[in-house]
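Hi everyone, thanks for coming. Have a look at the picture on the screen, and I'll walk you through it.

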Amino acid sequence: MHENMKIKHNIIAIRRDVKYSLDAEQKDKDILTATIRHLGNDIKMIDESLFTLQDHADIYLSMGRLPQTLELLRIKAAEGALVINTPDSVGACSRKQITKLMRENDIAMPPVKGAFGYWLKRGDSLAQADSDVVFCENEEELALNKAEWQKRGIMSFVESAHVPGDLIKFYGVSDHFFRWYRMHDVDQGYDFDIKALQREAVRLAKIIGIDVFGGDCIVCQDGHFYLIDFNDWPSFARCKEEAAEAIAQLVKKNEYI
């Protein structure tokens, strides 16, 4: 794709609000900036808190998660604009909803019960602070943390068994771009079927209708993997330029260029 190609339609890039970035504000900006560069046009970038109905475009490249952002984008989509990612797909990535969809569709994910401890995660939104994700050594500690959260007014949460293994981070754009990386800087880890992981991640993306996504999974010693997180539009920090080009190609595929 040529970086100086012409865009036939107006595009606005919407940057995620700082409270959802978890100290990755610059990385979020970087992936949008790189995508704009690959589209080869002077595209407006705005913070989602400043986005209004007066911001007119034919295409919205949105990392937004605020409820008001998603509602405005629903209006724009109803008027005929292309929105990547769609508001409904972003809403489906809330932990409570994505966990429900994964279980209903038999996506590879950790069991509810296990022998190695538990994870308790806030379910009404993606994590906004480290304290929104807590490891519990046993069921008693899990129950105590749930009770403490309820006292704090956190009534929506998800829980799952801890699964020992290698932590893998993956990134995807539609069904034509997929990258994965081992975390914790290990050169070698447990072998697993990379194509199977891609198929499972893309299957989940198609279930919720999302185009730009990422997540984490655990690979066990026997090669089985379990998805433990699935997110809308990550920062693609380790493959920014490749991902930016893939997102630009996705726009082109929709014949908006």
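Some ground rules. This is a predicted model, where local features need pLDDT of at least 70 and side-chain atom pairs count only at pLDDT 80 or more, while totals for chains, interfaces and linings use all residues. Residues are numbered from 1 along each chain as its sequence is written, and side-chain values use heavy atoms, with hydrogens and water left out.

Okay, strands. When I say helix or strand, I mean a DSSP run, numbered from the N terminus: at least four residues of H or I for a helix, at least two of E for a strand. Two strands pair if DSSP finds at least two bridges between them. Strands of a sheet pair through backbone hydrogen bonds, either parallel or antiparallel.

Here we have an open sheet of four strands, in the order 9-8-10-11, with antiparallel pairing. Which strands stand at the edges? They are strand 9 (177-182) and strand 11 (225-232); each has a single partner strand, so one side of each has no neighbour in the sheet. From one strand to the next, the twist averages 20°; that angle is taken between N-to-C directions, on a scale from 0 to 180 degrees, using axes fitted to C-alpha atoms.

Zoom in on strand 8, residues 166-173: six bridges join it to strand 9, and the two run antiparallel. You can see glycine 172 standing opposite phenylalanine 178 in strand 9.

Elsewhere, strand 5 (residues 118-122) pairs with strand 6 over four bridges, in the antiparallel sense. Lysine 121 has valine 133 in strand 6 as its bridge partner.

Now, I'll be saying "buried" a lot: that's under 20% relative accessible area, with exposed being over 50% and partly exposed in between (1.4 Å probe, protein chains only). In a regular strand the side chains alternate between the two faces of the sheet.

On to helix 1, residues 25-39. How far does helix 1 reach from its first C-alpha to its last? Its 15 residues reach 22 Å, close to the 21 Å expected at 1.5 Å a residue. That expected span is 1.5 Å times one less than the number of residues. Its buried residues include Ile31, Leu32, Thr35 and Leu39. Among the elements covering the buried residues are strand 1 (11-15), strand 3 (59-62) and helix 7 (240-253).

Helix 6 (194-208) is next. The end C-alpha atoms of helix 6 are 22 Å apart, which agrees with the 21 Å that its 15 residues should span. At its start, a side-chain oxygen of aspartate 193 comes to within 3.1 Å of the backbone nitrogen of lysine 195. Among the buried residues of helix 6 are Ala196, Leu197, Val202 and Ile208. These buried residues pack against several elements, including helix 3, helix 4 (95-104) and strand 10 (212-219). Helix 6 is followed by glycine 209, with a positive phi near 75°.

So what about the cores? A nonpolar core is a set of buried Ala, Val, Leu, Ile, Met, Phe, Trp, Tyr and Cys residues joined through side-chain atoms within 4.5 Å. The largest has 28 residues, and Leu61, Ile84, Trp233 and Phe236 touch the most other members. Helix 7 gives the most to this core, seven residues. Apart from it lies another core of 25 residues, among them Cys93, Ile107, Ile210 and Cys217.

Contact, by the way, means heavy atoms within 4.5 Å. Leaving aside neighbours within four places in sequence, leucine 61 is in contact with residues including Ile11, Leu32, Ile84 and Trp233.

Serine 89 sits in helix 3 (residues 87-92). Is serine 89 buried or exposed? At 0% relative accessibility, serine 89 is buried. Not counting residues up to four places away in sequence, serine 89 touches Ile208, Gly209 and Ile210.

Glycine 189 is in the loop between strand 9 and helix 6. Glycine 189 is partly exposed, at 28% relative accessible area, and beyond its neighbours within four places in sequence, it contacts Asp166 and Arg182.

Finally, glutamate 148 is in helix 5 (residues 139-151) and is partly exposed, at 39% relative accessibility.

Conventions: A polar contact is a pair of N or O atoms within 3.5 Å; within protein, one must be able to donate a hydrogen and the other to accept it, and residues adjacent in sequence count only if both atoms are side-chain atoms.
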